[in-house]
Amino acid sequence: MSELIIRTMLPHELKVAIEWARIEGWNPGLEDATLFYQADPEGFFVAELAGDIVAVGSAVRYDAHFAFCGLYIVAPEHRGKGYGLALTKHRLAYCGERNIGIDGVLENVEIYQRVGYQPYYQNKRFQKCATAHDVSSTILDVTVQHIDAVITYDKQCFPAKRDTFLKGWLQQKNGKALCVIENGQVRGYAVRRQCVEGYKVGPLFADSKAVATQLLGALQQDIIGEIIILDVPENNPLAIELAVGEHMDVVFATSRMYQHGLPDIAHHKIYGITTFELG
């Protein structure tokens, strides 16, 4: 362990982490490396041994109170040697006293508990082939004029301000962002991004199941037959109802865990989280 070096990831090395995620079957977005880095350029780390990267992980500090750890992968040939734990301790130190969230794989929940995380609910990955839907006239493409209002809406559903990240996320290449505006107010929004396989929707935030249904349907209309994926928090029963009603199947699940308690946000408006990596 004395030879292990943990350092901040260089910008081009985030592509290495995303490639590892692809190999692990996590199906990352085509633009994830660039967009993730914008969330916190100092919050991505590598563990290096004799010049070779042996583990990667992120610890995005959104503000003075909240952070989210993810993108945690140890090279298969180096697992079980303590390198991952060393990287995890480094990331926790970087986050300081903030409440830290993770989406942990279910088989490792007890391991995460040993470093202070507690489980609160599962995020279930639902998947299907996109189908045709009627698109409501209240649904709009998110343009520059909508971004500030969408960012304001987002603050109800996420534990911290993430303006810089969202500006890139909403306008990403190979992406599609929609919102519902009624009486001049945003009632929900959703983002779809192209991935190695198919498309992921996230976030999907909405005032009601009806609005969320409209948004999810509209995001399928131009990719009929393609794989579409939604990561659904089980602590919103209406979100589970939505996914089941769309004839989506559960293909994976994580445990949403926090260091200092469940954030006080509008959980009932979260129909799909943004990403497993960034919260």
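The lining of the largest pocket draws at least two residues from each of strand S4 (66-74), helix H3 (83-95), strand S5 (99-105), helix H4 (109-114), strand S6 (118-129), strand S11 (227-233) and strand S12 (249-258). Helices (H or I, at least four residues) and strands (E, at least two) are DSSP runs numbered from the N terminus. The model is predicted, with local features needing pLDDT of at least 70 and side-chain atom pairs pLDDT 80 or more, while totals for chains, interfaces and linings use all residues. Residues are numbered from 1 along each chain as its sequence is written, and side-chain values use heavy atoms, without hydrogens and water.

The lining of the largest pocket comprises 45 residues, and Trp26, Tyr72, Val105, Asn108 and Tyr112 lie nearest the centre of the pocket. The lining residues comprise 21 nonpolar, twelve polar and twelve charged.

Aromatic rings form a further theme. Rings of Phe, Tyr and Trp (its six-membered ring) pair if their centres lie within 6.5 Å, and count as stacked under 30 degrees between planes, edge-to-face over 60 and tilted for the rest. Tyr62 and Phe66 are stacked, because their ring centres are 6.1 Å apart and their planes stand at 20 degrees. Tyr62 is buried at 11% relative accessibility, and Phe66 is buried at 4%, where buried means under 20% relative accessible area, exposed over 50% and partly exposed in between (1.4 Å probe, protein chains only). Ring pairs join Tyr62 and Phe66 with Tyr120, Phe158 and Tyr258 in a cluster.

Definitions and conventions. On a 1 Å grid over the protein atoms alone, a cavity is a set of points where a 1.4 Å probe fits but cannot get out, and a pocket is an open set with protein on both sides within 12 Å along at least five of seven lines; lining residues have an atom within 4 Å of a point. Ala, Val, Leu, Ile, Met, Phe, Trp, Tyr, Cys and Pro count as nonpolar, Asp, Glu, Lys and Arg as charged, and the others, Gly among them, as polar.
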